[in-house]
Amino acid sequence: MVAQRDFRFCIDRGGTFTDIYAEVPGLPGVHVLKLLSVDPENYEDAPREGIRRILEQYSGISIPRSSKIPTDRIDWIRMGTTVATNALLERKGERTALVVTKGFKELLTIGNQARPKIFDLTVARPSPLYEVVVEADERVCLASDGDSDLASHGDDAASPHIPSLVKGISGELVRIVRPLDEENLKPALQSLLDGGIRCLAVVFLHSYTFPYHEQAVERLAKQLGFKQVSISSALVPMIRAVPRGLTAVVDAYLTPVIKDYLSGFLSGFDEGLDKVAVSFMQSDGGLTPEYRFSGHKAILSGPAGGVVGYAKTTFGLETLKPLIGFDMGGTSTDVSRYAGNYEQVLETQIAGAIIQAPQLDINTVAAGGGSKLKFQVGIFKVGPDSVGAHPGPVCYRKGGELAVTDANV
C-alpha cells in the first residue's frame, strides 16, 4: 500500500533562524518550528532537520539524523532563503573574474556615472564583486540597414569562416570587426584557474543580438574547468551593456553559493525526492525548481516570501489601506509596501550591486539582529558583517560577538 503524500512544508531559511511551517495531516492550522540556521553540534542543515523532526513527531516513524529523510509522505516543499542576500551583503560570494571586450576594461567601473550625492567630496564606491578583468580580443558593431553584403551565418558563428556581416537574433545587422581570438584567451583563463578563481562573468558589446562570442567563451571556460560561467546575453538579453554586465557579475558571484547550499539540502533526502515538488522562491515572488534557481534571481528570495505572506494574510481583513512590511532578520532588514498589487522593479541596487531582473520592490539594508556592533571613530557602527547563528550574539552564551540583538536585550 502506497503511503499518502500529505505533509507540506514552507521554509524560511534566514541567516540566523530558520522557520518551518508544516501542514500536518489530521491537524488543523499550521505547525510552526523555529531552529537556529547553523548549529553544527546538533544538525547539519536546519530546514532538513525541521522536516525530519515534524515527520518523526507526527508520522510515528523513527528517523535517525544519520539516515536519509524518507519522502513518501511529503507532497511538496517550498523554500525562501536569504543565502544569496547575506552573501552579497557580507561580500562572501565566490571569487569571480570578468571577461569583457578588449578596450572596455573599465566598463563596469565607470558604470552609468550616476551621482546620488553630486556635491559630496568624499564619495566611497562599493568594492566590485569581481577580482580580475580579462580583455577578450573580439569586436562587433551594429551595421546600417543600407549595407548590401549581408550573409547568413552558419550554426557555429564563432568559426573563422563567418562572414563580415550577419543578422543578429534581434533582426539587426551586425558587422564582425574582429572574430573572437580563443587562442589568446585560453592562457588568460587558465591563469585565472591557477590563481584559484573558478567563476566567470562575460559581457561583450552588442551580445544582446550577437551572443555567439559570449557562448564561445562559455564553452571554452567550461572545458577548462570553471565552476560557474555567467554570460550576459543569456541572463538579460538587453541593449545596455552596463546593466547586462553587472547582472552577469552578480550571477557568477552568487550562483555557486546557492547551488552549494541547495545541493547540501537536497542530498539529505532519499531517492524518492524526484516525486516531491520542491521549489524555491525567486526575487519576483514566484516559485521555481532547483535547476532554474540562480544567483541574480535569488537576491530577495527570503524577503519576497515575507511580502507574499503578509500581503495574503493581512491585506483586506479590516482595511484596504496600503501596508508597510518591516522584516528584520539576522543579517538584513527588509522594508516593502503592498497596496493590492505586488510592486515590481526591473532594476535595483543592493549593497552597491546593480541587478537587472524582475523583483519585488524591497529595500534591503545590512542591519539585522545579528549584525555586528563595532566601536569605530567614537561611534557604534552596525554591520554589514553578521555574527551568524553560530556562535551568534553574546547573549546566546556561545562565545559570540556583540550584535544588535545584544543591544536590544
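Q: What volume is assigned to the second largest pocket?
A: The second largest pocket has a volume of about 660 Å³. The model is predicted, and the volume is a computed value. Of the 25 residues that line this pocket, Cys 10, Ile 11, Tyr 21, Gly 305 and Gly 309 are the closest to its centre.

Q: Which element gives the most to the lining of the second largest pocket?
A: Helix α8 gives the most, with 7 residues. At least two lining residues come from each of β1 (7–13), β2 (17–23), β4 (74–81) and α8 (301–314).

Q: How do the residues of the lining of the second largest pocket divide by class?
A: The lining holds 11 nonpolar, 8 polar and 6 charged residues. Gly counts as polar in this scheme and Cys, Ile and Tyr as nonpolar, and the residues closest to the centre include Gly 305 and Gly 309 as well as Cys 10, Ile 11 and Tyr 21.

Q: What is known of the volume and the centre of the largest pocket?
A: The largest pocket has a volume of about 1,100 Å³. It is lined by 34 residues, and the closest to its centre are Thr 109, Ala 114, Arg 125, Pro 126 and Gln 349. By class, the lining comprises 17 nonpolar, 9 polar and 8 charged residues. Each of α3 (107–110), α7 (241–266), β16 (344–350) and β17 (353–360) supplies at least two of the lining residues.

Q: What makes the contact of Asp 6 with Arg 73 a salt bridge?
A: The closest N and O atoms of Asp 6 and Arg 73 are 3.1 Å apart. The rule asks for a side-chain nitrogen of Lys or Arg within 4 Å of a carboxyl oxygen of Asp or Glu, so the pair qualifies. Asp 6 lies in the segment before β1 and Arg 73 in the loop between α1 (46–59) and β4, and the pair links distant parts of the chain, 67 residues apart. By this rule the count comes to 20 salt bridges.

Q: Why are Arg 52 and Glu 56 separated by about one helical turn?
A: Both residues belong to helix α1 and are 4 residues apart, which places about one helical turn between them. Glu 49, Arg 53 and Arg 65 are linked with Arg 52 and Glu 56 in a network of salt bridges.

Q: Why does Arg 52 count as buried?
A: Arg 52 has 9% relative accessibility.

Q: Why is the pair of Arg 95 and Glu 131 said to tie together parts of the sequence?
A: Arg 95 lies in the loop between α2 (83–89) and β5 (96–101), whereas Glu 131 lies in the loop between α3 and β6 (132–136), so the pair joins parts 36 residues apart in sequence. The closest N and O atoms of this salt bridge are 2.8 Å apart.

Q: Why is Arg 95 called partly exposed?
A: Its relative accessible area is 38%. Exposed requires over 50% and buried under 20%, so Arg 95 falls in between. Glu 131, at 46%, is partly exposed as well.

Q: How do you know that the span of α4 is close to the expected one?
A: Helix α4 (residues 182–194) has 13 residues and reaches 18 Å from its first C-alpha to its last, close to the 18 Å expected at 1.5 Å a residue.

Q: Why are the buried residues of α4 said to line one face of the helix?
A: The buried residues of α4 are Leu 185, Leu 189, Leu 192 and Leu 193. Seen down the helix axis, they fall within an arc of 95 degrees, so they line one face. The face turned away from this buried side carries the exposed residues Glu 183, Asn 184 and Asp 194.

Q: Which residues of α5 are buried?
A: They are Tyr 212, His 213, Glu 214, Ala 216, Val 217, Leu 220 and Ala 221. Helix α5 (residues 212–224) reaches 18 Å, close to the 18 Å expected. Just after α5, Gly 225 takes a positive phi of about 115 degrees.

Q: Which residues line the largest cavity?
A: The lining consists of Leu 55, Ser 59, Ile 61, Ile 63, Pro 70, Asp 72 and Arg 73. By class, these are 4 nonpolar, 1 polar and 2 charged residues. The largest cavity has a volume of about 60 Å³, and the count comes to 3 cavities of 30 Å³ or more.

Conventions: Residues are numbered from 1 along each chain as its sequence is written. This is a predicted model: local features need pLDDT of at least 70, side-chain atom pairs count only at pLDDT 80 or more; totals for chains, interfaces and linings use all residues. Side-chain values use heavy atoms; hydrogens and water are left out. On a 1 Å grid over the protein atoms alone, a cavity is a set of points where a 1.4 Å probe fits but cannot get out, and a pocket is an open set with protein on both sides within 12 Å along at least five of seven lines; lining residues have an atom within 4 Å of a point. Grid points are joined across faces, edges and corners, and a volume is the space filled by probe spheres set on the points. Buried means under 20% relative accessible area, exposed over 50%, partly exposed in between (1.4 Å probe, protein chains only). The expected span of a helix is 1.5 Å times one less than its number of residues. The arc is that of the directions from the helix axis to the C-beta atoms.
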